[in-house]
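These are my notebook entries on a structure I went through by eye and by listed values.

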Amino acid sequence: MLKKIFAALLFVSAVLTMTACDKEDKKPDPAPDTKTEQPGNTDDKSDVTTGEIDYEADLSTEKYDGYDYRILVRKGWLDGQYQEESQEDVVSDAIYRRNKEVEERFGITISASESSSNDYEFDALNSILAGDDAYDIIFAHSRAAFTYAVQGAAMNVLDIDTIHMDKPWWSKNIVDNCSLNNRLYVLDGDISKDGLSEAMCLLFNKRLFDEKGFDYPYEMVKDGDWTFDEFAYLAKKGGADLNGDGVINPEDDQYGFVCFEWGAPISILYTGGQKIYGKDDEGKFALTLYSNKTVEIFDEFFSLLNNEACYISNTNKQVYYADIFKAGRAMMANGSLGDAQGLRNMDDDFGIIPYPKFSEDDEYASIINGHAPLALIPITVSDANRTGAITEALCAYGSKYVIPAFYEVSLKTKYARDEESEEMMDIIKDSIVYDIGYVAGGPFQSVGRDLSLTTTHDFSSFYAAREASGKKTIEEFNADYGGLK
């Protein structure tokens, strides 16, 4: 036990140097709110022939005699899971309604508390390892969630009879990409709107497109022709020396594309169908990051960023990329679906589109920002089926009430400024992918950001210097997470 605690503390000290990823796209704030009928998440939700969803067919009918279902949420994210009373805000009210219906269904109460930090918090880890049954579910930073898992503090949800991972309110992509040896320790789906809010995408300024005489990319996206080459062409053409001093600078001038170190450099990897961790022939996780295509993707991307019409901000640069976009001085920017809320007061109209395919034969791909939460159930819960039944109901009713409120009204009606962006959001939502290598630790989990900070941006040499460590990490992860010795 002491060995596990000590290992966890060592991991904490290592990852605290990377907590800037929590600030990934936080200046447009993650988005909120509202409501309609068709539920949303990353997977097809039709589980009956009529296309309607029976949310209650397989939910438990037990009563749990006043049990207190206890939620722990990262600091600053509590409102996404718990509301003490009915709210005017449509999404907040949907969360309140969901919780009340679950309370009434099972005869329970739901309580929630915040952890001490918004970063890589492990507030409950030591108490869980000490056997303390303090929480039924924890919504942690996604990278922290995997630390709980490999330290033996999270329950294998596939062993809980009352959680049905085949239901449309759970993410099938999580099951496919985060399961190993019939073990799955993290949950995502309609139990939280925050993952959907953090789906990465591109934003574009319509006024600047009009001034340059470019068509909006919507038709290219729908026709499958929105590729990296098309994106790069537009980005290079979008810059302008507004103050006439002969150079383009972030304080005064205009860019074709602006981004952040934690955003576009990792998102671009998935546009070519690449992943940090895939699975080998035996079903084990394998380090699959290096390929000729990955080399090409990073070479092309960083070559584009070297163009004077493009700008990447990081913690060492004073001008934040999102401020340039909001000021109307960037034609395109990296972002997330939730950024529509933070841009609601932007003077210029903007559109939302997916990242381009790297080439025409690729598929659109949207990664969830690494600071989005993942849920886990502590190994110490006294009645796993009771906790599972309540968790299942929260996810089902989240699909019924919360996700429609957030996605359909907040994103599509309240903040998106055209019908085409609504269709683009559907494409982004349907193209969400998970890469366990992006969130589970190791020398490559921040490969995009880390590569952006190197002088040459040479992926081949970057990878070669870390390959041995990466292979050792994934071997240990397979053993700790999947029990594969």
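Is Asp-65 buried or exposed? I looked it up: Asp-65 is exposed, with a relative accessible area of 74%. I use buried for under 20% relative accessible area, exposed for over 50%, and partly exposed for what lies in between (1.4 Å probe, protein chains only).

Entry 1, ground rules. I am working with a predicted model, in which local features need pLDDT of at least 70 and side-chain atom pairs count only at pLDDT 80 or more, while totals for chains, interfaces and linings use all residues. Residues are numbered from 1 along each chain as its sequence is written, and side-chain values use heavy atoms, with hydrogens and water left out.

The protein has 485 residues, and 61% of them are buried. I note an accessible surface of about 18800 Å², with 44% of it belonging to carbon and sulfur atoms. The areas come from the Shrake-Rupley method with a 1.4 Å probe, and for residues only the protein chains shown count as cover. Of the contacts with a separation of 6 or more, 80% are between residues 24 or more positions apart; a contact means heavy atoms within 4.5 Å.

I returned to Asp-65, which is in the loop between helix H1 (2–15) and E1. Asp-65 is not a glycine, yet its phi is positive, about 50°. Most residues other than glycine have a negative phi. I logged a second case, Asn-182, with a positive phi of about 60° although it is not a glycine. Asn-182 sits in the loop between helix H5 (172–178) and helix H6 (194–197), and at a relative accessible area of 59% it is exposed.

I count 23 salt bridges in the structure, each being a side-chain nitrogen of Lys or Arg within 4 Å of a carboxyl oxygen of Asp or Glu. Arg-70 pairs with Asp-136, with 3.0 Å between the closest N and O atoms. This pair links distant parts of the chain, with Arg-70 in strand E1 (residues 68–73) and Asp-136 in the loop between H3 and E3, 66 residues apart. Arg-70 counts as buried because its relative accessibility is 16%; Asp-136 counts as buried at 0%.

I then checked Glu-103 and Lys-100, a salt bridge with the closest N and O atoms 3.2 Å apart. Both residues lie in helix H2 (residues 90–106), 3 residues apart, which is about one turn of the helix. Glu-103 is buried at 12% relative accessibility, and Lys-100 is partly exposed at 32%.

The next pair was Arg-417 with Asp-349, again with the closest N and O atoms 3.2 Å apart. Arg-417 lies in the loop between helix H14 (384–415) and helix H15 (419–430) and Asp-349 in the loop between helix H13 (339–342) and E10, so the pair ties together parts that are 68 residues apart in sequence. I have both partners as partly exposed, Arg-417 at 26% relative accessibility and Asp-349 at 41%. Through salt bridges that share partners, Arg-70, Asp-133 and Asp-136 form one network.

I placed Asp-133 in the loop between helix H3 (125–129) and strand E3 (137–141). Asp-133 is partly exposed at a relative accessible area of 26%. Leaving out residues up to four places away in sequence, Asp-133 touches Arg-70, Thr-380, Val-381 and Ser-382.

Which residues gather in the patch of negative charge? I listed Asp-223, Asp-225, Asp-229, Glu-230, Glu-296, Asp-299, Glu-300, Glu-360, Asp-361, Glu-363 and Asp-458. Helix H9 (228–237) and helix H11 (292–305) are the elements that give two or more residues to the patch, and H11 gives the most, with 3 residues. Patch members have over 30% relative accessible area and no salt bridge, and like charges are joined within 9 Å. Asp and Glu count as negative, and the charge is placed at CG of Asp or CD of Glu. Asp-361 is in the loop between strand E10 (350–353) and strand E11 (366–367) and is exposed at 65% relative accessibility.

Notes. Patch = residues over 30% accessible without salt bridge, like charges linked within 9 Å, V, L, I, M, F, W, Y side chains within 5 Å. Helix = DSSP H or I, 4+ residues; strand = E, 2+ residues; numbered from the N terminus.
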